[in-house]
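Biologist: I am new to this one. Please show me the structure, and then take my questions.

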Amino acid sequence: MKILGISAHYHDSAAALVVDGVPVCAVQEERLSRHKNDASFPESAIEWCLDHAGLTPAQLDAVVFYERSMLKFERILTCALRSFPRSWRSFPHAIKNSLGEKVWVRGIIASHLGVPRSKIFFTSHHAAHAAAAFFTAPTRRAAILTADGVGEWATLTAGHGERRDDGRANVTLLREIRYPHSLGMLYSTFTAYLGFAVNEDEYKVMGLAAYGRPTLAAQVRKLIRRTPDGAFALAPEYFEYHTTAARSYSSMFIELFGPPRSSYDPIDLETAEGRRFADCAASVQHVLEETLVDITRALQRETGLRDLCLGGGVALNGVANARILAESGFERVFVPPAPGDAGCALGAALYADRVYFGNPDRDVPDHPFWGPHVDARELAQAAREDNQSVQDLDEPALLDYVAGELAAGRIVGWMEGASELGPRALGHRSVLAPPHSRETRDRLNRDIKYREDFRPFAPVVTIEAADRFFELPAGGVRLARFMSGVFPVRPEWRSRLAAVTHVDGSARLQVLERDMAPRLYALLEAYGRRSGIPVLLNTSFNVAGEPIVNRALEGYSTFRRCGIDLLVAGPTLVVKRAALPATPLTEEVA
Ligand SMILES: [Fe+2]
């Protein structure tokens, strides 16, 4: 059975194709359209998926959309009417958005793809999140928790999934918390208050939190009341997101926390104002963590299960995930590489396959690489035409050369095979750098990523060496497979891993098994042979404001515009002419 999954119209549109129960490919629209967080109908992503699989729309058995758009419309309408007349300003905006595209999804899909309306299906938004988390995880029975800003009505669901010996599989969502009570919206409200972009910059709040102390946790708890049944309710007087499109927090919120930060003002942690913002971030992070720990602990007691699958945008919070692993009682915590809405395209297709159609359950390959492949010849041609130095090397020579350049302090653009689904570069569209010095980190921030100083960079380490450098609890390796957990760097290594150690001594590391990305693994080994430390800094291959590179040409154009010294795609190596002076590897590291 050939099933196309689609997510669209909120943020991070994507398409995914599942054939005979196994994902074939998946890609976010932004990677093809080159508009970051592209939310439009994913025409290019669908076209690429069908092309990649050699299918025409007529050959599809089903097209599944990741939410029930009528329910979402009902929620927008109900919330607007409930708060009328305060909502009069946002009402036309909300209606226009919904009527413009969101409600008539069946017609849009039918007309774009030319498939009969009878082949078009819908999952609930959180069922798609749950399926993306459970059906892709190597577990047969697990509790499931999804949490995000909002889908139709639900903002958090709890339940369980089962893959039975007779080949049937199911996801059962037992309970939900409904809009406007939402952990995602609570966090996003602070994201907006702290002057960052909602639905995009939530991880900046998490990064900033490490610089503060949760001195305002008691105030945050006024915003989120725990209910006797173990759930929570937000105190509406502090929020305005459900009544107006203009601002998400109320004047009472400002009374409690002080004036908001303008996005144009830099955060200066030397000032009292800067520290107040860091404390706000630390406080909402702390309350988010304690709420999630309570909910998951109760879910573990209730289900008695050992595994937990986490889905929804809140599952991108690696600090919270690590606390859930440590404190909930679950032995293993699985977070897919794309727990957010992009992953819902895959989740919706898998849900339809297993649950609607009752097709036999199949193992899903345990990796994030579902997108377009990089074409090394395209890179070689572009670089030669541009009069750059291009070499095609055999693998040992290439790895040895690149490891040597990294050890000399150079920064490498690394493209390999199929691109990742989800917001993190996990070794196929990465910028790699030596992890040792703060200068490297500052150079990356200044010349390549053009971003704030307080944001940490992540390390990637071979699975064999992970424990030597990082304090990984039982289950930590699994959480770190897709960079979903933040764990302490061992104190004795922090100064020698300064580029990837956050201010609080932690790192959002990726633990790499050879099978998942063999070439990056081999590069880590080669680098380890030179430096004694098989760890590299691994950040996504893009500059601020742009999606992660997809094709070789985008990698090349990014390489030419910023301070990356070397670019690799397959066997092809491009060395920038007049590479910047390198930061040599210091003696103490070798
Ligand atoms: Fe979502």
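Modeller: First, a definition: helices (H or I, at least four residues) and strands (E, at least two) are DSSP runs, numbered from the N terminus. The model is predicted, so local features need pLDDT of at least 70 and side-chain atom pairs count only at pLDDT 80 or more, while totals for chains, interfaces and linings use all residues. Residues are numbered from 1 along each chain as its sequence is written, and side-chain values use heavy atoms, with hydrogens and water left out.

Biologist: Where does Pro-180 lie?

Modeller: The peptide bond from Tyr-179 to Pro-180 is cis, with omega near 5 degrees. Pro-180 itself sits in the loop between strand 8 (169–178) and helix 7 (183–193).

Biologist: Which residues are the protein donors of the iron ion?

Modeller: Donors are N, O and S atoms within 2.8 Å of the metal (3.2 Å for Na, K and Ca); water is not among the atoms, so sites may look incomplete. Along the chain, the donors of the iron ion follow the spacing H-x3-H-x18-D-x192-D. Lying 2.1 to 2.3 Å from the ion, they are His-125 (NE2), His-129 (NE2), Asp-148 (OD) and Asp-341 (OD).

Biologist: Is His-125 buried or exposed?

Modeller: Buried means under 20% relative accessible area, exposed over 50%, partly exposed in between (1.4 Å probe, protein chains only). Asp-148, at 5%, counts as buried. His-125 has a relative accessible area of 0%, so His-125 is buried.

Biologist: What is the geometry of the iron site, with its 4 donor atoms?

Modeller: Four donors are tetrahedral if all angles lie between 85 and 135 degrees; four are square planar and six octahedral if opposite donors are over 155 degrees apart and all others between 65 and 115; anything else is irregular. Here the angles among the 4 donor atoms run from 89 to 173 degrees, and the site is irregular.

Biologist: How does helix 7 run relative to helix 11, roughly parallel or roughly antiparallel?

Modeller: Axes are lines fitted to C-alpha atoms, for helices over the stretch in contact, and angles run from 0 to 180 degrees between N-to-C directions. Angles under 35 degrees count as roughly parallel, over 145 as roughly antiparallel, 65 to 115 as roughly perpendicular and the rest as oblique. The axes of helix 7 and helix 11 (residues 272–303) come within 10 Å and cross at roughly 175 degrees. That makes helix 7, relative to helix 11, roughly antiparallel.
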